[in-house]
Amino acid sequence: MASNTPHTFHIPVMGLAFSVDSPLKVARFGISSVLSLSDDALLEQMRAYYSQLYFLPYQPITDKEEDYRARRITACLNMVDQLVKLQLQQLQKEEFTPLTELTKYFEMLPEQSPLKLLYTQMLHTEDAAVKEVLQTKLRASLVAGSIDVNIMTKLDRANYDRNGNLLPQEFTDAMAALRGFANSTVKSSVVFSAGMNMRLFSYLEQFQCFFPDAAGELLKKIVIKVSDYRSAMVQGKILAKKGLWVSEFRIESGLNCGGHAFATDGYLIGPILEEFNQNREALQKELYSIFSSALASKGIHVPLAIPEQKITMQGGVGTSQEHDFLMQQYGLDSVGWGTPFLLVPEATTVDEETLQQLVKAKEEDLYLSPISPLGVPFNALRNTSSEQLKNFRADRGKPGSPCIKKHLVSNTEFTAEPICTASRKYQRRKLEQLKAQHLDPVTYFIEEAKVLAKECLCDGLANSATQLFTASKKAATKAVTICPGPNLAYFSGVFKLHEMVDHIYGRINLRNNTYRPHMFVNELRMYVDYWKNKKEEQLQTLTDKQFKYLQSFWDNLQEGIRYYKQLLPTIFKDELERKVIMLDELLDAENELLLARLEKVAAV
């Protein structure tokens, strides 16, 4: 995010489609958002669509051209950058009247924002000359939200030329995406998620834009999405040794989030944030020492001051009280609001059928699913059009997807070249293997269900936007997978952008009537269920290693509960009833863990 972004929230990456054009919807209002670089075909469709919409020249980049993936990404980002700048220029020309976007820009700002205070002063000024001076100052102060991008580090498929020859490693998916971003005109951040990719991290050194200039400024910044402090320290050091500065550590709840859920070993978000807050200065100093030495060895100017390093958080936030508490208690620079924005067409792209499913979704419709071909738990919505298509294919005796895009290929069980576990090619072979094993009916049914559960996310997570950008009527493009977090259950409706922003800042309340525990309790419950499921899976064949893992997980949950008990007076300063309710919920979780604790000694 740009350091001068006026808002205290950001919109994280959501799927492939859902936030892909969010910058074109919200950046002109000073709101930062993140778009995925995983699907270059989708980005090319988006460039064609918006070029036509804004009467821009458009030259297609086909998949037959050299380095097409990186070039598509660069061209799309350049277009977005150009259009956001144009939108902001048009905004500056508008009048301060009730229905203009200029007025909307300032009305949506948080109340404590210096710009909002100046705007309020202008509104109450009766002197025409003074009012005009203030309006000129306000127009000059407009800044766009950051056009940030996401690269899932582990989605780094090797690619081949038209003759089937393996291309050099710089043409792998993640490295081509990074090159596309580095060569673009946007001045923003790349968000690395899903862990470390040493090859990708080393590739950053090839681009001057990630190193500080003579003034110590970074043209493009690095953001690392992490689940705990140790991960931040490890990845921060790896990059610092290369002379690369992490401008932001973006902490995400391991389970209380949308899409892929990378669970911690029982570490809860509250204690994680506390550790960051307590060690923030020490972390910066240690990384700066390594970073400055590396820059000096490369002959690059070393910034005299420690560069800015933000700490942000996302996952499961649903009320303005939680938002404010996180900002104040842990000194956060921004809080991510993802899932609720799926209900805001002015901010995200969701097809109408899926949008209506989201509006009606209850707690039981949202689940931690096994549908991802990556084998990582995936927060999803039940009975989507993509799930229906998957089941239709299986019922017809043709399970699996055609697998056209191949972004999630990883399995080499039956082939030399990796294939996707959601593909027809894999599922046909796997089911044949299971049948040849002559398993008993119950075991076969369980194993078959595991195979058939996998869903084509390359298409499912992109199709909402594909429908918009191409007006395609093919059945395959209508199959949508969507990845809301559990927080969706507490919102029912389609909202305007200003309404959701007002909800975030406590000016209105958009939650439905479903009882909603505090976000800390919601995440705790998810982790208790996760631990119990892990225990159930491993109990019959429990090894010493598994026993230690489960016991450590259990201990960490108990430590988290103790932390929340101590924090209760701070969370609810003058709300005795809510304090008592949350204490009861913490005691319930504690008791549930005590009743389910491990008693048997693991086999050595």
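Is Asn383 buried, partly exposed or exposed? Asn383 is partly exposed, with a relative accessible area of 46%. The notes below take the structure point by point.

1. **What the model is.** This is a predicted model, where local features need pLDDT of at least 70, side-chain atom pairs count only at pLDDT 80 or more, and totals for chains, interfaces and linings use all residues. Residues are numbered from 1 along each chain as its sequence is written, and side-chain values use heavy atoms, with hydrogens and water left out.

2. **Overall build.** The protein chain has 22 helices and eleven strands. Helices (H or I, at least four residues) and strands (E, at least two) are DSSP runs, numbered from the N terminus. Along its principal axes, the C-alpha trace spans about 85 × 65 × 55 Å. The radius of gyration is 25 Å, which agrees with the value near 25 Å for a compact globule of 604 residues. That radius is taken over C-alpha atoms, and the globule rule is 2.2 Å times the number of residues to the power 0.38.

3. Of the 604 residues, 57% count as buried. Buried means under 20% relative accessible area, exposed means over 50%, and partly exposed is in between (1.4 Å probe, protein chains only). Now take the contacts with a separation of 6 or more: residues 24 or more positions apart account for 70% of them. Contact means heavy atoms within 4.5 Å.

4. **Two residues with positive phi.** Asn383 is not a glycine, yet its phi is positive, about 60°. Asn383 sits in the loop between β11 (378-381) and α13 (385-395). Asp67 is a residue other than glycine with a positive phi, near 55°. Its loop runs between α2 (40-53) and α3 (68-92). Asp67 is partly exposed, with a relative accessible area of 22%.

5. **A helix pair.** Two packed helices are described by the angle between their axes and the distance between the axes. The axes of α10 (residues 269-298) and α11 (residues 320-330) come within 10 Å and cross at roughly 35°. Axes are lines fitted to C-alpha atoms, for helices over the stretch in contact, and angles run from 0 to 180 degrees between N-to-C directions. From α10, Gly270, Leu273, Glu274 and Asn277 meet Leu326, Gln329 and Tyr330 of α11. The residues of this contact divide into three nonpolar, three polar and one charged. Here Ala, Val, Leu, Ile, Met, Phe, Trp, Tyr, Cys and Pro count as nonpolar, Asp, Glu, Lys and Arg as charged, and the others, Gly among them, as polar.

6. A search of the whole structure finds five cavities of 30 Å³ or more. On a 1 Å grid over the protein atoms alone, a cavity is a set of points where a 1.4 Å probe fits but cannot get out; a pocket is an open set with protein on both sides within 12 Å along at least five of seven lines; lining residues have an atom within 4 Å of a point. Grid points are joined across faces, edges and corners, and a volume is the space filled by probe spheres set on the points. The largest cavity holds about 600 Å³ of space. It is lined by 39 residues, and Val13, Gly15, Gly258, Gly259 and His260 are the closest to its centre. Its lining has 19 nonpolar, 18 polar and two charged residues.

7. **The largest pocket.** Its volume is about 1200 Å³. Of its 45 lining residues, Tyr68, Arg157, Asn159, Tyr160 and Lys406 are the closest to the centre. The lining divides into 17 nonpolar, seven polar and 21 charged residues.

8. **The second largest pocket.** About 720 Å³ of space lies in this pocket. Among its 32 lining residues, Val226, Ser227, Asp228, Ser231 and Phe262 lie nearest its centre. Helix α9 gives the largest share of the lining, five residues.

9. **A buried proline.** Pro373 lies in the loop between β10 (366-369) and β11. Pro373 is buried, with a relative accessible area of 6%. From Pro373 to Glu274 is 99 residues in sequence and 34 Å in space, C-alpha to C-alpha.
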